[in-house]
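Please examine the sequence and the structure shown below. The report that follows them is meant to be read alongside both.

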Amino acid sequence: RIQQIRDERRNMKISIPLFLAMIASHEASATNQRTTGGRRLGKFSKPCTAVLVDVQYQANAEVNLVDKRYLACLTDDGSTYKVKAANQNFLKENFENGAFKSGETDLTFGNDAVLDSVTNEISSKSPPGLAKKSWESGRKLAVTSGKKSVLVVRVVASDDSTSASDTDLGNSVFGNNVDSVNLSSQYAACSHNKLEFVKAADKFGTEDANSIKDGVVTVTVSTTVAEGDGPMRNAITAKLNSVFNVSSPNQLANHVMYCLPPGTMNGIAYAYINSWMSVYSDYWCTYVSAQMHEIGHNLNMAHANEGTTNYDDQSGMMGYSYSSSDSPVMCFNSAKSWQFGWYDQRHQILDANSNRAYLGKLVPILDDPDITTGDPMIIKIETGTNADYFINFNRKLGFNSGTVEGGNQVLVTVAGNGDSYVQSNLQAKLSAGQAWDATVG
């Protein structure tokens, strides 16, 4: 049972008695290709990295789950292909509940695997083989502190182009003393400057029009909007590799944002989990919530849900995204905040099976996270299962003043153990005098 006692402006004093018991290679040679129904199919044998893809759609859009989340093959050159044989049960058994991690797993295919070069999809009779990368146990891809570079890519296709200019894209991501709320400023604020997103280094390309300037580049590709985001995405990747003489775009920056022309994709944005690429539909590349949400996926953050509705936890940025350049001004829910590790000096752990009571203040993330003698910012209740509870006081002020849900309330969220890619679910929003009970068994 969790009961909120009183609100003391910045702090919340609470009493908590708890009774909680992707494969691919490049297109095969012409001798290994065949044409079916106007499509060119190529046989493949090269390994690649398995990456989960989360596609975000407009709120209330009716979309099949298979179009919202899928497995992709990420090749060494940065090209990506949807793996059709990996259905939702396969993802759940191997990634969500299994031992494999997006971005840290090798994919292998049998001899029957073919790539449709029109749809950029890999087909095979059986699901791909999975193997942990040899460096998996000692390497962390999703580093959530320090300085990380970002490259924003504007696209000129054969029949349309990204609506925002290079300047507007740069302002929306980096601020440049023009845009007050942006990817860089909001991550810096939420992390208390522990995570800084900076501009990719300027770099001249082989074509003058394709030089990187102030973290932004415009590339021209021959694909059309009608061909869709798959072919255009890989065409952008190939162009970046060619123009800048790199083997993959992630050699240009830690994170690369592809801003596609309008109408190229069905959703509003998507990202590769525990990886470097995110993709946006036109102006969604300029909206701070979409930026933070998709880069959050790159940093191994999963969605924030409420009840039976995905994205419905609107207390933080891993819920819905909003079509606004500078709002909402908010951070992340308690489970994601714990996983980021920015406030770890002010974490407190309770054991549901023994020490399950806390009486004291619970302070918001607005406070200094490095005061080791301060009151806790986030309380984690360990249940001994794969679903722990995370509690925070969601103060609606400062860099969290735009939190859409649960402002100035104590929020209870259930997720995994706070250290991996697991979707969270908002359980309770408590005002003064309210209580909430949960049983674990």
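The sections below treat the disulfides, the backbone geometry and the cavities in turn.

## Basis of the report

The structure is a predicted model, in which local features need pLDDT of at least 70 and side-chain atom pairs count only at pLDDT 80 or more, while totals for chains, interfaces and linings use all residues. Residues are numbered from 1 along each chain as its sequence is written, and side-chain values use heavy atoms, with hydrogens and water left out.

## Disulfides

A disulfide is taken here as a pair of cysteine sulfur atoms within 2.5 Å. By this rule the count comes to 3 disulfides. With the bonded cysteines of the chain numbered in sequence order, the pairing reads 1-2, 3-6, 4-5. Helices (H or I, at least four residues) and strands (E, at least two) are DSSP runs, numbered from the N terminus. Residues are called buried under 20% relative accessible area, exposed over 50%, and partly exposed in between (1.4 Å probe, protein chains only).

Cys48 is joined to Cys73, with an S to S distance of 2.4 Å. Cys48 is buried, with a relative accessible area of 4%, and Cys73 is buried at 0%.

In the disulfide of Cys190 and Cys331, the sulfur atoms are 2.0 Å apart. The torsion about the S-S bond of Cys190 and Cys331 is about -90°, so the disulfide is left-handed. Because Cys190 belongs to helix α4 (residues 183-190) and Cys331 to the loop between β18 and α7, the pair links parts that are 141 residues apart in sequence. Cys190 is buried at 0% relative accessibility, and Cys331 is buried, also at 0%.

Cys259 and Cys285 form a disulfide with their sulfur atoms 1.9 Å apart. Cys259 is in strand β15 (residues 255-260) and Cys285 in the loop between β17 (277-281) and α6 (288-298), so the pair ties together parts that are 26 residues apart in sequence. Both Cys259 and Cys285 are buried.

## Backbone geometry

Most residues other than glycine have a negative phi, and most peptide bonds are trans. Ser327 and Pro328 are joined by a cis peptide bond, with omega about 0°. Pro328 is placed in the loop between β18 (304-306) and α7 (334-340).

Asn120, a residue other than glycine, has a positive phi near 60°. Asn120 is in the loop between β9 (114-116) and β10 (121-123) and is buried, at 8% relative accessibility. Asp214 likewise has a positive phi, near 55°. The loop between β13 (195-199) and β14 (216-220) holds Asp214, which is partly exposed at 37% relative accessibility.

## Cavities

On a 1 Å grid over the protein atoms alone, a cavity is a set of points where a 1.4 Å probe fits but cannot get out, and its lining residues have an atom within 4 Å of a point. Grid points are joined across faces, edges and corners, and a volume is the space filled by probe spheres set on the points.

The largest cavity has a volume of about 60 Å³. Its lining includes Ser315, Phe332, Ser337 and Arg395. The second largest cavity has a volume of about 50 Å³, and among its lining residues are Ala335, Lys336, Gln339 and Val422. Helix α7 gives the most to the lining of the second largest cavity, with 3 residues.

Notes:
On a 1 Å grid over the protein atoms alone, a cavity is a set of points where a 1.4 Å probe fits but cannot get out, and a pocket is an open set with protein on both sides within 12 Å along at least five of seven lines; lining residues have an atom within 4 Å of a point.
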